[in-house]
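This briefing is intended to be read beside the sequence and the coordinates. Please keep both in view while going through the points below.

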Amino acid sequence: MSLIEGLNKIFDNRIRLGIMSALMVNEEVNFNELKELLDITDGNLASHLKSLEESGSIKVQKGFIGRKTNTTYSVTKAGEKAFKAHIAALEQMIKSTK
Amino acid sequence: MSEQQQSLEDLQHIKKMMERSSRFISLSGLSGIAAGICALIGAWFAWNRLHRTQSETYDLVRIITTNGAEILDELFWIATYTFIGAFISAFFFTYLRSRKDRVPMFGKTTMRLLWNVVIPMAVGGIFLIRMMYNGEFELVAPGCLIFYGLALVNGSKYTLGEIRYLGYGMLALGIMNLFYVGYGLYFWAMGFGILHIAYGITMWMKYERNSN
């Protein structure tokens, strides 16, 4: 059952998967861009971001544009590694059951 | 749903999110068709104007020396109007599609695409204008095709990847044109007209026909 172990529990959710995908191909993405991309509410997005941050997959930078807060997110080294392993496990899953 | 199916859908979701967050994918095929038609109309006007000189040659330098510089002015304005017409019509259809896709027209992905297309085009434009000031007209048509081709290949990383092939087509025509100077207008019409239209139709069939 080593296949299942490769799959990371933290990415076992479409929204967290979407957040990670966007962060993998962009240096940083801000809250509103993520919200637009995933088409979800502020509260929902915030809670998923929180759990990704707590798992050490992403890091948060708080900044300002003028007077408005601008919170951007980027992927950590550990998050990148875990996400790549997760994708590899998904691929294995498809191949092995063919 | 089987685990296999679930994994496949997860991977598709990842791919879609990566694309949507890094590429401007609302570029409409109709924009290509419209720009191509503008280019053909412009080329037709230019051809007519050159034809009226009764010259037996298409060598622009010879035509200018025998007909005076005013024809150069007229050709310049034809080219400018063609560019403006092509730009506005291309913008229009892409604007419509981005509204339908509910993707912001001037989001980060659009800006990244524009910037990467503008750099080779602007540098190429300055280079060609400088060349014309020096009385060098032979390489203007192939130069337009080559710099535009490079701009498309460069921009293809930030929008629908297929635009790369349109870029390769422009580059091939531009390079061929380097060895058949004097036929610039034909190569120009072929590249900016026919290739744009062919690309636009292909993309429209592939991405937009079924979503209507």
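The points that follow are grouped by chain and by topic.

The model is a predicted one, in which local features need pLDDT of at least 70 and side-chain atom pairs count only at pLDDT 80 or more, while totals for chains, interfaces and linings use all residues. Residues are numbered from 1 along each chain as its sequence is written, and chains are lettered from A and ligands numbered from 1 in the order in which they are written. Chain A holds 5 helices and 3 strands, whereas chain B has 8 helices and 0 strands. Helices (H or I, at least four residues) and strands (E, at least two) are DSSP runs, numbered from the N terminus.

**Chain A: overall**

- Along the sequence, the elements of chain A follow the pattern α-α-β-α-α-β-β-α.
- The C-alpha trace of chain A spans about 55 × 25 × 20 Å along its principal axes.
- Of the 98 residues in chain A, 24% are buried; a residue is buried if 20 or more other C-beta atoms lie within 10 Å of its own, exposed if 12 or fewer, and partly exposed in between, with C-beta atoms placed from the backbone.
- Among the contacts in chain A with a separation of 6 or more, 55% are between residues 24 or more positions apart; two residues are in contact if their C-beta atoms, placed from the backbone, lie within 7 Å.

**Chain A: the sheet**

- The 3 strands of chain A form an open sheet in the order E1-E3-E2, with antiparallel pairing; two strands pair if DSSP finds at least two bridges between them.
- Strand E1 (29-30) and strand E2 (58-65) of chain A are at the edges with a single partner strand each, so one side of each has no neighbour in the sheet.
- Helix H2 (residues 14-25) of chain A packs on this sheet and touches E1, E2 and E3 of chain A. The direction of H2 makes about 85 degrees with that of E3(A); axes are lines fitted to C-alpha atoms, for helices over the stretch in contact, and angles run from 0 to 180 degrees between N-to-C directions.
- E2(A) and strand E3 (residues 68-75) of chain A run antiparallel and are joined by 8 bridges. Val60(A) has Tyr73(A) in E3(A) as its bridge partner.
- The hairpin of E2(A) and E3(A) has 2 residues between the strands, and Gly66(A) takes a positive phi near 65 degrees there.

**Chain A: helix H4**

- Helix H4 (residues 42-54) of chain A has 13 residues and reaches 18 Å from its first C-alpha to its last, close to the 18 Å expected at 1.5 Å a residue; the expected span is 1.5 Å times one less than the number of residues.
- Leu45(A), His48(A) and Leu52(A) are the buried residues of H4(A). They cover an arc of only 70 degrees around the axis, which puts them on the same side of H4(A); the arc is that of the directions from the helix axis to the C-beta atoms.
- These buried residues of H4(A) pack against H2, helix H3 (31-38) and E2 of chain A.
- The face of H4(A) turned away from its buried side carries the exposed residues Asp42(A), Gly43(A), Ser47(A), Lys50(A) and Glu54(A).

**Chain B: overall and selected sites**

- The C-alpha trace of chain B spans about 75 × 30 × 30 Å along its principal axes, and buried residues make up 35% of its 212 residues.
- Of the contacts in chain B with a separation of 6 or more, 76% are between residues 24 or more positions apart.
- Helix H6 (residues 140-155) of chain B has 16 residues and reaches 22 Å from its first C-alpha to its last, close to the 22 Å expected at 1.5 Å a residue. Of the 16 residues of H6(B), 13 are buried, so this helix is largely enclosed by the rest of the structure.
- Thr94(B) lies in helix H4 (residues 70-100) of chain B. Thr94(B) is buried because 22 other C-beta atoms lie within 10 Å.
- Leaving aside neighbours within four places in sequence, Thr94(B) is in contact with Ser26(B), Leu27(B), Ser28(B) and Ser31(B). The C-alpha atoms of Thr94(B) and Gly29(B), 65 residues apart along the chain, are separated by 8.3 Å.

**Interface of the two chains**

- In chain B, 14 residues are in contact with 16 residues of chain A.
- Helix H1 (residues 3-22) of chain B gives the most to the side of chain B that touches chain A, with 13 residues.
- By class, that side of chain B has 5 nonpolar, 5 polar and 4 charged residues; Ala, Val, Leu, Ile, Met, Phe, Trp, Tyr, Cys and Pro count as nonpolar, Asp, Glu, Lys and Arg as charged, and the others, Gly among them, as polar.
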